[in-house]
Amino acid sequence: MKTLRQRNIRDYFMVGLLYVSAIAVLTPLLIIIGYVIVNGISTISIDFFTQELGSPARAMQGRPTGLVHSILGTLVVDSLALIIAAPLGLGAGVMLSEYPDHKLNPTLRVLNDTLNGMPAILKGLLAFALVVKPMGTFSGLAGGVALAFVMIPIIARSTESALMTIPWSIREAGLAIGLPRWRVVLSTVMPAARTGLVTGFLIAFARAAGEAAPLMFTSFGNNYLPNHWSGMIFGPVDTLPQRLYSLAISPYKEWHAMGWAAGVVLLVFVLGLFIAGRILTRQKYQA
Amino acid sequence: MQNEQKSSIADKPVSIIYSWLGDRIFLTVVVALGLSIILLAGAMAWVLTDEAGMALDEFGIIGFLKGTTWDPGVQFRFGALPFIVGTLVTSVFALAIAFYPAVAVAIFIAEYAPRWLGSIIENLVHLIAAVPSVVIGIWGIFVFAPWMRETFYMPIFLWAADHQPALLPILGSPIGYGMTTATIILALMIIPFTTALTRDAIRQVPKEQREAAWALGATKWEVIRMAVIPYSRGGIMAGAILSFGRAIGETMAVAMLIGNKNNFPFSIMGPAATMPSVIVNEFREAVGNLHLSSLMAIGLVLFVISLIVNLIAAYVTRKLSITGGQSI
Amino acid sequence: MKAMKTISLFFISGLLALSFFGCGGGEGSRNGAEQRSGRSSDRVDILGAGASFPAPLVTAMADEYRGVTSNRVTVNYQSIGSGGGIRQFVEQTIMFGMTEAFLSDDVMQNVEASTGGRAFNMPITLADVVTTYNIPGFDKGLVFSSDVLVDIYMGNITRWNDSRITELNPGKDLPSLPITVVHRSDGSGTTNIWTSYFSRVSDEWRGRVGYGTSVNWPVGVGGNGNEGVAGAVINTPGAIGYNSLSYALLNDMSYGSVLNASGNIIEPSFEATTEAANIDLPEDTRILFTNTPAEYGYPIAGFAWMLVYENLENNNAINNRQQAEELVRFLIWSITDGQELSETLGYARLPMAAVERNIAMIEEVKWEGELIGKELLQDVL
C-alpha cells in the first residue's frame, strides 16, 4: 500500500503532465493559425479584393491582380449549396426527432453518420457523375451540389439535436389543444429550436466553405469573373479553397504570397461563421 | 400574450382535411426528404460501383486490391495496394501520435483546468477543428515541410549516408514531402477532433461515479483513473475510431505534403500516396478510360473502408449510448 | 432575430455577387458596363483547359485579348495537364483543349465517329523541356548527356559527384549531395516529351518504362503540374527535375545544357528550340521531334497544340455560332498577333511553317457546314 504522500506526489506529477501535454498540443495548432494570419495580412492589399487573377505574368510584372472572382464565387457556390442542403437536412432532422418510431430511422441515422464521415472528395465524384456529366459542363451549380452533399448530413444531425432539446411537454400541449401534428412541429417546435437550427446551418456552411477537394472536378475554376451572372451558376467558377490550393503549388513567389492572403481570408471567413455559430449556441443555453 | 395566440389557433375549426390530410402530407414530405439522404448514400455506392466496373472487371476485385503496379503509361495496369497501405499507415500512425495528447487535453479541460480556462481551451479546440484543410496545407508546404527537412531529414540522411548506407532505402529521400511529414500534419489535424469527442465522452460520466471515488478518499488522479476513464472508455474508443475515419478521408493537406509516389517501396521520410491524394492528383488529368475507372475503384475502396469504420463507430456508440461529437 | 439576420446576410451577399454580374447582362448594360464593353449581349466566355506548360502564355494571351476586345471576350484557361485537356476535349466539356502530346490515331478516329469531322491539332507554341536542378552554389550550365539523364532517372546515378557527371563537367567541384529525382505526378505532355526523348536514346528505358503523358517511374518523387515539379526542385537541395524553359527562366531556376545527337553542347534557348522544329512538318502537324537531327537544335523539344473540332457545332461545350466565331477569332489572333507575347514570357515563337499549316486547318473549320474559319480569316488577313 502506497503512502498518502506517494499518492499525492503521483497526483501532482499527473497534473503537471496534463498541463504540459495540453500546452504541447495547443502550441503547434496556434502556431499554424498565427503563421497564416501574420503572413496573410502582410501580403493582403485592396487589389486582392477588387481585381481578378488573370495570368501569372500579371503578378510577376507587378500589375494589379487579386481574387475578387474567387471570393464572390465562394459566396455564390456556398449559398447554392445551402439552398439545396437546407430542406433535405431539415426534413431528415425532423423525421429523426419528431417521428422517432419510424422504421426507416435506424437506417437513416447510420447512413447519415456514414455520409458525414465520408471523405469530401467522394462527394465531388458523385456530383461529377450526377451533374457535370449530364449537363456537359463544369459549373457553379455542380460545385453547389457537391458542397450540399457535405452540408446535408451536418444539418440533419444538428437539426435532430436542436429539436430534441425542446421538451416533449410542449408537443403534448400543442396536441392537447387539438392542433394537428404538423402544425405543432412547424409553429411551436421548430420556432422554439430556431437558434439551434441556424447554428447548424452556420456550422455546415463553415465546414463546406473550407472544402477544396469536391470542387476540383465540379466548379472547376476560372481566372476571371464570368461575363454574365448566369456564368456563376452554369459556367465554371473559381472558389477560394481551390484557388488557394493551385496558388500554393504554383512556382511563383507572387502567387505564394497571394496564397497566404487567400488563406487568411478563408480562415477569417470560416472561423467567423464558426464563432457566430458558437455564440448563438451559448445564447441559447443562457436563455 | 402567447396564450391568447395559442387559443386563437385552437379556436379555428379543426377539419379532418386540415389535420388528417395535413399530417399525411407533412409526414410524406418529411419521409421523402429523409429518404433522399438514404438515396444519396445509395447513389454514391451505385455511381462508384458503376464507374469502377471497368477496372474491377479487368483486374478482378482481389487483383485490384492486391495489385502493386500503377502504370497508366505502358502496361495500363492498376492496383490499389500502395494507396491502401499509404492511407492505413499514415492514419494509424497519425492516430497513435494524436491519441494520448488529445485524451490528455480532454481530461485537462474536463477535470483540472479552472472553469474559465477549460471553456477557453474547449472553444479553441473546436475552432481549430474548423480550420480548412488547404490552410493547414499551405502552412505545411511553406513552413513545416522545409523545417522538417532542414532540422531532421537532411541531417539524418547525411549521417546515414556516411555511417549506415544500408539504412538509406528505409529512410528514403529527404525531400521534406513524404510519409512522416504527412502523418504528423494528419495527427495535428485530428487532435482537435479526438479531443472534442473524448470531452463529450467524459461529460457522460455521472456525478455519483466521481463522488463514490472521492468518498473512498481517492486523490484527484485516482478519481480520474478509477472512475472517469473506465466509465468513458467506450466513448473514447468510439471517438478514436471516428478520428481514424476522419484521417482516412483527409485529402488536401495530405495531397499537398505526401510527395505523390504511386508505387512501392515506401520509406520513412520519402514520398508515398494515399487513396484520396491519388484521386485528387490524377482525376482531372486521367486520359484513358481504364485509368479513370481505376481511380473510381479507389474511391469505391475508400467508400467501403469508411463505411465500415463508421458502422463500427455507430455500433460502439449505440452500445454505450453516448453522443458522437455533435459539435463537429 | 440576430441569427436570421446573419443567415440572410450571407444570402444577400451571395445574391449581391450574382447581381454584380447581372449588371453586365440584359438591361443592366446602362450602368457603366457599356463604356467598358460595348454591347453587353455580345459578351462571350470561352473555356479552354489542358497542358500546364503553355498556361502562362495562354493566360497572358487571354489577358491581352480581353483588352484587345475591350472586355468583350473572356478566355478562361485552366491548367489541368495535357491528359486532362485531351479527356475534357473528347468529353466535350471545354471549347478547346491544349496538349503537349498530339492526339493518337485512336482518339482521332473516335472524334471522327462522334462529330463527323476531324479533330485539329494546331501548334500554338513550342515546348522545350530543360533539366532543372538545385545544387547549392551551382548556377545554370551543367552539361548532361542523354545517357547520364536516363541513368539518373533510372536510379543508377545517385550522387551529384558521380564520375559520369563530373566527366561531362570538368573543373566543376560537384558535392556528394544525393540526387533527388523529381517528376510529374499527373498526366502531362511535358512528361511525354521528356520520356519520348529517353525512349529514343535508350533501349532499356523504352523497354522498361516507355513514354507517354504519365509513366511508371522507376524512382523519384512526384510534383503535381509543371508548378509542382518546379516547386519541389526549388525547395530541395540536390533535386533534379524537368520543366519548360519558360518556367525555369521565370523562377530563376538553374538549368543544364544537353549534348545533342550531332554531338554539340546545346544551351537551351528559344532559337535552339525553333531550330529543332526546323524539319519537314506533316499536314496535320502531328509529329514528335525529340532528339532532333537538326545540327544546332535543342534535343528535348516539341509542339504544344490547341485542340479544336472541325465541326464546331458538334462540340457540346459550344452553344451557338457566336461562341464558335469568337473561338476561331481568338485562335487566329493567338497564332498571329498573340505570338508577340512569346519572348517576354519565355516562349519560342512558332516557325512560319507551322503558322501556315495552322491557317490551312483553320480554313476548314465549320459551323453547320459553313466555313466560318475561312470567312473570319478573310476579315483578318
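Two strands count as paired where DSSP finds at least two bridges between them. Helices (H or I, at least four residues) and strands (E, at least two) are DSSP runs, numbered from the N terminus. The model is predicted: local features need pLDDT of at least 70, side-chain atom pairs count only at pLDDT 80 or more, and totals for chains, interfaces and linings use all residues. Residues are numbered from 1 along each chain as its sequence is written, and chains are lettered from A and ligands numbered from 1 in the order in which they are written.

**View 1. The open three-stranded sheet of chain C.** The strand order is 5-10-11, and the pairing is mixed. Strand 5 (143-144) and strand 11 (265-266) of chain C are the edge strands; each has a single partner strand, so one side of each lacks a neighbour in the sheet. Strand 5 of chain C runs parallel to strand 10 (residues 257-259) of chain C, and two bridges join them. Opposite C:Val143 stands C:Ser257 of strand 10 of chain C.

View 2. A:Lys123 counts as buried because it has 27 C-beta neighbours inside 10 Å. A residue is called buried if 20 or more other C-beta atoms lie within 10 Å of its own, exposed if 12 or fewer, and partly exposed in between, with C-beta atoms placed from the backbone. Apart from neighbours within four places in sequence, A:Lys123 is in contact with A:Met118, A:Ala146, A:Phe149, A:Val150 and A:Pro214 (contact: C-beta atoms, placed from the backbone, within 7 Å). A:Pro214 lies 91 residues away along the chain, with 6.1 Å between its C-alpha atom and that of A:Lys123.

**View 3. The side of chain A that touches chain B.** Contacts involve 75 residues of chain A and 78 residues of chain B. Helices of chain A that each supply at least two residues to this side include helix 4 (68-98), helix 7 (140-164) and helix 13 (253-286). Helix 1 of chain A gives the largest share, 18 residues. By class, this side of chain A has 55 nonpolar, 13 polar and seven charged residues (nonpolar: Ala, Val, Leu, Ile, Met, Phe, Trp, Tyr, Cys and Pro; charged: Asp, Glu, Lys and Arg; polar: the others, Gly among them).

**View 4. Domain 1 and domain 2 of chain A.** The domain assignment, automatic or from a database, gives domain 1 (2-43) and domain 2 (46-286). Their centres, taken over C-alpha atoms, are separated by 33 Å. Six residues of domain 1 are in contact with seven residues of domain 2. On the domain 1 side, three residues are nonpolar, three polar and no residue is charged.

How values were computed: Contact = placed C-beta atoms within 7 Å.
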